[in-house]
Amino acid sequence: MTKLKKKESQRTRFYNFLTDKVASCTDACVVLDIPQKNLTRYKKEFEAAGLLQAVKVVKCPHTRKWVQGISTDPDKFPKYVQLSIFS
């Protein structure tokens, strides 16, 4: 397996893992067996593309700290309602 295919496979697995759940990056790292630094890079890429958002604050089952719960499911993204004084 080439390095490029392995990288793409990790990116795809990370994206698919978050389509039906909200998890911390560390939780995804442990479950998917992908290095944390790779997931952090993929997370940044997905956020820039609008494919991933932090949807709530969760307690990480591995670090026991309160962290961002992230997801790639658009239905779970927060809905921002901008109030307009001109409407």
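**Aromatic cluster**

Analyst: Phe 14 and Phe 46 are both buried. In this predicted model, the relative accessibility of Phe 46 is 8%, under the 20% limit, and Phe 46 therefore counts as buried.

The structure has two aromatic pairs. A pair of aromatic rings is described by the distance of the centres and the angle of the planes. For Phe 14 and Phe 46, the ring centres are 6.1 Å apart and the planes meet at 25°, so this pair is stacked. It links distant parts of the chain, with Phe 14 in helix H1 (residues 3-17) and Phe 46 in helix H3, 32 residues apart.

For Tyr 15 and Phe 46, the centres are 5.5 Å apart and the planes stand at 65°, so this pair is edge-to-face. Tyr 15 belongs to helix H1 and Phe 46 to helix H3, so the pair ties together parts 31 residues apart in sequence. Tyr 15 has a relative accessible area of 26% and is partly exposed. Through the ring pairs, Phe 14, Tyr 15 and Phe 46 form a cluster.

Leu 51 is located in the loop between helix H3 (36-48) and strand S1 (53-59), and at 36% relative accessibility it counts as partly exposed. The C-alpha atoms of Leu 51 and Thr 72 are 5.7 Å apart, with 21 residues of separation in sequence.

Another ring, that of Phe 17, has the charged end of Lys 21 over it, 4.3 Å from the ring centre.

Technical notes. Residues are numbered from 1 along each chain as its sequence is written. This is a predicted model: local features need pLDDT of at least 70, side-chain atom pairs count only at pLDDT 80 or more; totals for chains, interfaces and linings use all residues. Side-chain values use heavy atoms; hydrogens and water are left out. Helices (H or I, at least four residues) and strands (E, at least two) are DSSP runs, numbered from the N terminus. Buried means under 20% relative accessible area, exposed over 50%, partly exposed in between (1.4 Å probe, protein chains only). Rings of Phe, Tyr and Trp (its six-membered ring) pair if their centres lie within 6.5 Å; planes under 30 degrees apart count as stacked, over 60 as edge-to-face and the rest as tilted. A charge sits over a ring if NZ of Lys or CZ of Arg is within 6 Å of the ring centre and within 35 degrees of the ring normal.
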